[in-house]
Each structure stands twice: as structure tokens, then as C-alpha cells.
Amino acid sequence: MTFQRLVDVPGQAGEDAVWFHTSWRVLESGPFPSNGMVVFGKRRTVLIDTAWSVADSDLLLTGVDRVAPPTRSKLLVVTHAHDDRMVGLPALRAQGVASLGFRQTVQDALARGLVAPDATFGGREKRISAGGKTVTLYHPGPAHTRDNIVAFVEEDGVLFGGCMIRAMGSTALGNTADADLAAWPHSARAVKARFGAKVRHVIPGHGAPGGPELLDHTIALADTAVH
């Protein structure tokens, strides 16, 4: 697992920055990466998705505690009910980390044999204040899954797109087993309409981070999949 800084606020320390983590699972095609994000606020650390294993999620929490005081409040947000997003939830819960998910994520997690988050939210979006950082959680509609959400850090222009936003190297939409292909183009356009003017950095669920061009790339892939 790797854990590295993405964006710094000028003049502030690492613990007031946005970081991202990458863990791997060996699939039939070989090692495959999965990304998450960590937002270090002055009062709270917000983790967006766990690592892709329990062991790597423990390592992630160790890394987080090296950046900010271990006593600082932590909240885990899971972006949809697949194991690459939330398999490490029990490990983080065992160390006192509270968790939050979209209401449909809780339903689907239980149906898929995953441990559900502690709390839920409904509606289109929810804002989380971390102290100097505001994280907006947004449900644009179904795409990769019916429950997929994105997370936007207002102060830094960083969008975590999760698995509904594709990296520039992607030539297809990836795992579509639980996807709504017909809705995916509309949902991707909704993300761009809501955040596109403010986005400077985009972290996809899999693959290399980039800029707002990932939004247009995803829209193009989704349009192609439909037609």
C-alpha cells in the first residue's frame, strides 16, 4: 500500500492537506490498484474508502496517525458497497473510527455480506466540516452502482470520483456487474455540472489521478457504452 500527499494548502503542514492511498489486489490480469482519499482537517480527519484488504487498512490507519495526532477525530466515508471501498471497515471500527455511507450503500452492503457503516445519509448531498476543510458528498444518480457517491474538497478543488470516474488510461468502464449503463452518462454529467467549474484534481477509484479531463473522458466512455 502507498500513502502520499496530493494537495497542500500553501504555508500549511502536511496534516492540513489532502492525501490519497493506493492498495492492490491480484486479479486474473495481474496486480490491480484501488485508490482512496484522506482529508486532514484541523478538527477531524475524513477517510474516503478503506484500502482493499484488512491488513492494508490497518497500515492506512497507521499512516494517518503519523501525519496527524492519533487522538484527532476520524470519520470513514464509503463511496459504494463493494469490497474495494469498504472491506477494511471492521478493522477501522475496531480502532474507534466512525463510518458513514449513503442509505442505499447500507442496504447493498448487507445484501452482499459486507459490514455496513455506522450511520447513513440520504438526499442528494451532505457536507462534512473537518475544520478548514469542507467535504461535500454527492450522489449524482446510478452509474457504476446505484449507490455510488463522489466526494469534493471545496478548499482544494479535489474530487474523489470513486469507481464511476475513470482514469485517462481506461478504455472501458471496468466492472459493470452492478452498473446502470443507461444512467451512467447522465450521472457523470451531473458530477461535472455540480463540481466541474471548481475541480482542479480528480482521483478515480482505480488508476492515476489527473485533472478535470477525467470527467469528460468518463462521459465519453459512458456514452460509447450506451450506444
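Tutor: Residues are numbered from 1 along each chain as its sequence is written, and side-chain values use heavy atoms, with hydrogens and water left out. In this predicted model, local features need pLDDT of at least 70 and side-chain atom pairs count only at pLDDT 80 or more, while totals for chains, interfaces and linings use all residues.

Student: How many helices and strands are there in the protein chain?

Tutor: The protein chain has 6 helices and 12 strands.

Student: Why is aspartate 49 called buried?

Tutor: Buried means under 20% relative accessible area, exposed means over 50%, and partly exposed is in between (1.4 Å probe, protein chains only). Aspartate 49 has 0% relative accessibility, so aspartate 49 counts as buried. In the whole chain, 55% of the 227 residues count as buried.

Student: Where does aspartate 49 lie, and what is its phi?

Tutor: Aspartate 49 lies in the loop between β4 (44-48) and α1 (54-67). Its phi is near 75°, a positive value in a residue other than glycine. Most residues other than glycine have a negative phi.

Student: Why is threonine 71 called exposed?

Tutor: The relative accessible area of threonine 71 is 77%, so threonine 71 is exposed. Threonine 71 is in the loop between α1 and β5.

Student: Does alanine 55 count as buried or exposed?

Tutor: Alanine 55 is at 52% relative accessibility, so it counts as exposed. Alanine 55 lies in helix α1.

Student: What is alanine 81 in contact with, leaving aside its neighbours within four places in sequence?

Tutor: Contact means heavy atoms within 4.5 Å. With those neighbours left aside, alanine 81 is in contact with Met86, Thr105, Asp108, Ala109, Arg112, Leu114 and Asp147. Alanine 81 has 0% relative accessibility, so alanine 81 counts as buried. Its place is in the loop between β5 and α2.

Student: Which residues of helix α4 are buried?

Tutor: The buried residues of α4 (residues 103-111) are Gln104, Thr105, Val106, Asp108 and Ala109. Their cover includes β5 (73-78), α2 (83-86), β6 (98-102) and β7 (119-121). Just after α4, glycine 113 has a positive phi of about 75°.

Student: How do you know that the reach of helix α5 is close to the expected value?

Tutor: The expected span of a helix is 1.5 Å times one less than its number of residues. Helix α5 (residues 184-195) has 12 residues, and the expected value is 16 Å; from first C-alpha to last, α5 reaches 17 Å, which is close. The buried residues of α5 include Trp184, Ala188 and Phe195, and α6 (213-226) is among the elements that cover the buried residues of α5.

Methods: Helix = DSSP H or I, 4+ residues; strand = E, 2+ residues; numbered from the N terminus.
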